[in-house]
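Please read them with the structure open.

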Amino acid sequence: MSNSEPDEPWLTVGEVARHAGLSIRTLHHYDQLGLLHPSGRSSGGYRLYAPDDMVRLLQIQHLKSLGLNLDEVGAALDVEDFDAAGILEDHISAVERRLADERRLLHTLHALRKPARSGWREVLSAVAQTERLRHPEPHVRFRAALEATDGVPVEELVRQLVADPVSGVREALTWTIARHGQEAVPRLLPLLDDSDPAVRTQAAHALSKIGDPAAGPAVAPLLMDGDAVVAAKAAQVLGRLGGTRAVSALVDRLGVGPREFDGAVLAALRDIGADAVDLLVEKLAATSARARAGAVEALGLIGDPVAAADLAPLLQDPDAAVRFETIVALGQLDGDEATAAVVRGESSPDDRVAQVAARLLSSRRATESSG
C-alpha cells in the first residue's frame, strides 16, 4: 500500500461506490477529471480512499445537488476566487425558468382535460389549433382565433390575447374568449392587475364582451388607474356591464380627476340608463359644483322624465355651470314637469339660462304645432 500510514482507514472504490450510491465508473470518471483523486493505492495498484477523500466526495455531491456541473464543482472546490454568488444567481435563474416551463405545461395539461374526455383525436386537434395561434404570420393567427373550437383551452386563448402584438388578432381572440362565457372570467380577472396598461385594457375589453355584471367590482378600481386609456376603458366596460357596483363607482367619479375623463363616465352612465337615476339624484346634493353639474348632465343624457322634479331646483344653484347644465338637461326630458321647469327658467335672472329656456320652449311649440 502506498501514500499512506498502515493504520489509515482506507476504503476501496467498490466500498466508496456503495456508501455514496454511485457507480464505480462515476468514481473513475471523477478521478480522470481531477475532481476526486484517491489518496492511496494498494500494493496491487487499486484505488484507495481516505476519510478526507470522502469529505470531498460529500462536498461534490452537495454542489451537484444545487445544479452545478462538474466543471463548476471543481472550480468551487479548488479555485480560490471562485464566484459563488454569481454561479448561484445563474442557477436560480435557470431553475426559475424550468419551474415556469413546468407550470405552463401543468396548466396546459389541466386545460386539455376537457377535449380529452372525447379522446386523443380531440386532444391532438386542440394542440394543433393552439400551435396555429402562435404562428409567426398574423393572418394565420387571426384565422386560428376565429376558427378555434371549444376544445382549445381558454387559458391558451387568454395567454395569446396578452402576448399577441396585432390588434386585429387580439380582437378575434376576444370574440372567441367571450364564447366561453363565465368560464373565461377567472382567467381574465388577474390580468386587471397586470403591470402593462395594454394588458389591463385588453382584459377589461374581453370582460365587457362576456357581459357578466359580477365582473364589475373587479373592473371598478380601474376607474382610478393612472393610465388614461385604461381608466376610460374601465368606464366603458362598467357602462356595458351595469349593476349596482358599476353605477356606484361611476357616480363616485363624477367631478373627480381629469376633465377629459368626464365624457367616458357620462357615456357609461347613459348606457346604464334608468338604473343609474336614483344614485345620480343623490349626487345632485354634492358639495362639489363640478360633481353636481356632472350628475345633472348624466340625468339629461339618460332622459328619464322622473328626474325632472329633482332637477328643477338646481335652476337656482349658486354655480352658473350647474344652472346651465340643468336647463339643458330639462330640455332633454319629456313630460309636463320638465316643461313647467323650463317655463320657469325663461324668467331666470341668469341670462344664459333664460335664453336657452326660450329657445327650448320655442322649439317645443314648433314641434307641437307641426304635429
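1. Start with a helix pair. Helices α14 and α15 (residues 244-252) pack at an angle of about 140 degrees. Their axes lie 9 Å apart. That angle makes α14 oblique to α15, because only values over 145 degrees count as roughly antiparallel. The two helices cross with left-handed sense. Keep in mind that this is a predicted model.

2. Which residues in α14 and α15 meet? From α14 come Ala-235, Leu-238 and Gly-239. From α15 come Ala-246, Ala-249 and Leu-250. By class, this contact has 5 nonpolar residues, 1 polar residue and no charged residues.

3. The largest nonpolar core has 77 residues. Leu-188, Leu-250, Leu-269, Leu-280 and Leu-311 have the most contacts inside this core. Helix α14 (residues 228-241) gives the core its largest share, 7 residues.

4. What does Leu-188 touch, not counting residues up to four places away in sequence? The partners are Val-158, Leu-161, Ile-177, Ala-203, Ala-206, Leu-207 and Ile-210. Another core lies apart from the largest one. This other core has 15 residues, among them Val-16, Leu-63, Leu-68 and Val-73.

5. Look next at His-205. This histidine is found in helix α12 (residues 197-210). Is His-205 buried or exposed? His-205 counts as buried, because its relative accessibility is 12% and the cut-off for buried is under 20%. Leaving aside neighbours within four places in sequence, His-205 is in contact with Glu-171, Thr-174, Lys-233 and Val-237.

6. Helix α8 (residues 138-147) packs with helix α10 (residues 167-179) at an angle of about 15 degrees. The axes of α8 and α10 are 8 Å apart. That makes α8 roughly parallel to α10, because angles under 35 degrees count as such. α8 passes α10 in a left-handed crossing.

7. Finally, the residues between α8 and α10. On the α8 side are Pro-138, Arg-141, Phe-142, Ala-145 and Leu-146. They meet Gly-168, Val-169, Ala-172, Leu-173, Trp-175, Thr-176 and Arg-179 in α10. By class, the contact of α8 with α10 has 8 nonpolar, 2 polar and 2 charged residues.

How values were computed: Residues numbered from 1 in each chain as written. Predicted model: local features only at pLDDT ≥ 70, side-chain atom pairs only at ≥ 80, totals over all residues. Heavy atoms only, no water. Axes fitted to C-alpha atoms, helices over the stretch in contact; angles between N-to-C directions. Helix = DSSP H or I, 4+ residues; strand = E, 2+ residues; numbered from the N terminus. Parallel < 35°, antiparallel > 145°, perpendicular 65-115°, else oblique. Left-handed = near helix turned anticlockwise from the far one by under 90°. Contact = heavy atoms within 4.5 Å. Nonpolar A, V, L, I, M, F, W, Y, C, P; charged D, E, K, R; others polar. Core = buried A, V, L, I, M, F, W, Y, C linked by side-chain atoms within 4.5 Å. Buried < 20%, exposed > 50% of the residue type's maximum accessible area, 1.4 Å probe, protein only.
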